[in-house]
Amino acid sequence: MTTTDDGGADGEPADEQRRHWQDTYTAHPEMYGEEPSAAAVHAAEVFRRRGARDVLELGAGHGRDALHFARRGFTVRATDFSTAGLDRLREAARAQGVADRLTTAVQDVRRPLAAPDASVDAVFAHMLMCMALSTPEIHALVREVHRVLRPGGVLVYTVRHTGDAHYGTGIAHGDDIHEHGGFAVHFFSRSLVDALTEGWTLDEVHAFEEGELPRRLWRITQTREDGPLG
Ligand SMILES: C[S@@+](CC[C@H](N)C(=O)[O-])C[C@H]1O[C@@H](n2cnc3c(N)ncnc32)[C@H](O)[C@@H]1O
């Protein structure tokens, strides 16, 4: 199990969010619990059916979903810009006997992904794309995911959307980003989802809910257009 650091430099607006997430995971190391999200359980089945062997997770947090993928036999690279969450994840991976299949890396998704072209079978990102990222940063990230996926590789991501109860409330930062309790969220419109499919086949947009608010989310599955996994 290895850790690399590509966390980027401080000084941009989302760096405040990085500090906030770091403090949050330090105070609440298991804030999302030990069970995998429903989105990850679904994604693991999609990845298995597609013949994927390795998974890159973006915004993995303390790793409830990365651990699920590793337990299901995938080789997992779990990334986040918070080291506190990743530290916790490595401990859990050792305790669960999956440390040989799981690496962690500090990765701020506002920066190029630290992976070679066409090197990954599957990418998973649960509630990451809807963090404090501008629309151009989200487009750049999806282009990066396309670059690192193998031809026929699959992306499953989830985002809170404009039907969420928190959309349009709290502190408005522009670009559909609203902040509640220190957490900034970019609420996705359907037109943004569609705009992110150029060069992809859009397989599914599935609406679901999570948590007590509840958060209202879409789970999006899209496939790199240029052929099946080899
Ligand atoms: C809503 S939490 C979800 C965590 C995890 N996917 C889960 O569901 O358990 C969002 C995660 O994205 C991370 N994050 C936010 N902005 C990021 C960025 N620019 N680069 C990398 N990670 C980021 C946070 O540290 C946090 O772990």
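User: Okay, so a polar contact is a pair of N or O atoms within 3.5 Å. With that in mind, which kind of ligand atom sits by the backbone of Gly-59?

Analyst: A nitrogen. This is a predicted model, and in it a polar backbone atom of Gly-59 is 2.7 Å from a nitrogen atom of the ligand.

User: What about Arg-64, which ligand atom does its side chain go to?

Analyst: An oxygen atom of the ligand, with a polar side-chain atom of Arg-64 lying 2.7 Å away. There's also Asp-108, where an N or O atom of the side chain is 3.0 Å from a ligand nitrogen.

User: And how much of the ligand does the protein bury?

Analyst: The protein buries 98% of the 590 Å² that the ligand exposes when taken alone.

User: Which residues come nearest to it?

Analyst: There are 18 residues around the ligand, and the nearest are Tyr-25, Gly-59, Arg-64, Asp-80 and His-126.

User: At what angle do the two helices cross?

Analyst: Roughly 40°, with the axes of α1 (residues 14–27) and α4 (residues 83–95) coming within 7 Å.

User: Switching to strands. What's the order in the three-stranded sheet?

Analyst: It goes β7-β8-β9, an open sheet with antiparallel pairing. β7 (171–174) and β9 (183–186) each have a single partner strand, so one side of each has no neighbour in the sheet. On average, neighbouring strands are turned by 25° against each other, ignoring direction.

User: How many bridges join β8 and β9?

Analyst: Four, in the antiparallel sense, with β8 covering residues 177–180. As one example, Glu-179 has Ala-184 in β9 as its bridge partner. The hairpin of these strands has two residues between them, and Gly-181 there takes a positive phi near 55°.

User: Which non-glycine has a positive phi?

Analyst: Met-127 does, at about 60°. You'll find Met-127 in the loop between β5 (120–126) and α5 (135–148). For background, most residues other than glycine have a negative phi, and most peptide bonds are trans.

User: So is the bond from Leu-213 to Pro-214 cis or trans?

Analyst: Cis, with omega near -5°. Pro-214 has its place in the loop between β10 (200–210) and β11 (215–224).

How values were computed. Residues are numbered from 1 along each chain as its sequence is written. This is a predicted model: local features need pLDDT of at least 70, side-chain atom pairs count only at pLDDT 80 or more; totals for chains, interfaces and linings use all residues. Side-chain values use heavy atoms; hydrogens and water are left out. Axes are lines fitted to C-alpha atoms, for helices over the stretch in contact, and angles run from 0 to 180 degrees between N-to-C directions. Two strands pair if DSSP finds at least two bridges between them. A residue is near a molecule or strand if one of its heavy atoms lies within 4 Å of it. A polar contact is a pair of N or O atoms within 3.5 Å; within protein, one must be able to donate a hydrogen and the other to accept it, and residues adjacent in sequence count only if both atoms are side-chain atoms. Accessible areas come from the Shrake-Rupley method with a 1.4 Å probe; for residues, only the protein chains shown count as cover.
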